[in-house]
Amino acid sequence: MSMSSKQMARIACHALSEKKAGNIQVIDISGISVFADYFLIADGANQHQIQAMCDSVEEELYKAGISVKQIEGNRNSTWILMDYGEIIVHVFSKEDRLFYDLERIWGDGKFIDVAELEE
């Protein structure tokens with residue numbers, strides 16, 4: 001069964017929410033990028049929460065039959081990027097999120113409410 005990028009984003013958002021991710025943002029970049037449809041951006045309070053968030057996303061998408069293509073960062077990182085092809089999940093410390101400011105960089109994308117993924 002093939003899964004849409006929107007369904008993948010919905011599963012990832014739910015997994016992040018389950019681990020109390022901070023300020024989850026979903027950016028539809030399909031109109032401005034050829035490498036992915038959605039960026040998901042969230043932050044965690046510390047490295048343990050950041051890792052728990054990533055583990056949750058990986059586990060829930062794996063259960064849905066989707067394997068991560070590449071992960072950048074490790075257990076000691078304050079920014080972990082998870083590449084699923086159609087969606088890219090960025091999990092930051094609050095400080096790194098402010099520093100890198102991906103929301104500004106990808107501001108030409110369409111910011112969508114997490115609730116829209118449920119439609």
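Which residues are linked with Arg97 in a network of salt bridges? Asp43 and Glu103 are the residues linked with Arg97 in that network. A salt bridge here is a side-chain nitrogen of Lys or Arg within 4 Å of a carboxyl oxygen of Asp or Glu.

Before going further, a word on what you are looking at. This is a predicted model, in which local features need pLDDT of at least 70 and side-chain atom pairs count only at pLDDT 80 or more, while totals for chains, interfaces and linings use all residues. Residues are numbered from 1 along each chain as its sequence is written, and side-chain values use heavy atoms, with hydrogens and water left out.

Let us stay with the charged side chains for a moment. The structure holds 5 salt bridges. Helices (H or I, at least four residues) and strands (E, at least two) are DSSP runs, numbered from the N terminus.

How open are these side chains? We call a residue buried under 20% relative accessible area, exposed over 50% and partly exposed in between, using a 1.4 Å probe and protein chains only. Lysine 63 is exposed at 58%, whereas glutamate 59 is partly exposed at 45% and glutamate 60 is partly exposed at 27%. Another salt bridge joins aspartate 101 to arginine 104, with the closest N and O atoms 3.4 Å apart. Aspartate 101 is partly exposed, at 26%, and arginine 104 is exposed, at 58%.

Now turn to the aromatic rings, of which the structure holds 7 pairs. Rings of Phe, Tyr and Trp (its six-membered ring) pair if their centres lie within 6.5 Å; planes under 30 degrees apart count as stacked, over 60 as edge-to-face and the rest as tilted. Phenylalanine 35 and tryptophan 106 form an edge-to-face pair, 5.9 Å centre to centre with 80° between the planes. Phenylalanine 35 sits in the loop between β1 (22-28) and β2 (38-44), and tryptophan 106 in the loop between α4 (102-105) and β6 (110-112), so this pair ties together parts that are 71 residues apart in sequence. Tryptophan 106 also pairs with phenylalanine 39: their centres are 4.8 Å apart and their planes at 75°, so this pair is edge-to-face. Because phenylalanine 39 lies in strand β2 and tryptophan 106 in the loop between α4 and β6, the pair ties together parts 67 residues apart in sequence. Phenylalanine 39 and tryptophan 106 are both buried, while phenylalanine 35 is partly exposed at 46%. Elsewhere, ring pairs link Trp79, Phe92, Phe99 and Tyr100 into a cluster.

Finally, follow α2 to its packing with another helix. Helix α1 (residues 5-18) packs against α2 at an angle of about 140°, with the axes 8 Å apart. Axes are lines fitted to C-alpha atoms, for helices over the stretch in contact, and angles run from 0 to 180 degrees between N-to-C directions. At that angle, α1 is oblique to α2, given that angles under 35 degrees count as roughly parallel, over 145 as roughly antiparallel, 65 to 115 as roughly perpendicular and the rest as oblique. With contact meaning heavy atoms within 4.5 Å, Met8, Ile11, Ala12, Ala15 and Leu16 in α1 meet Met53, Ser56, Val57, Glu60 and Leu61 in α2.
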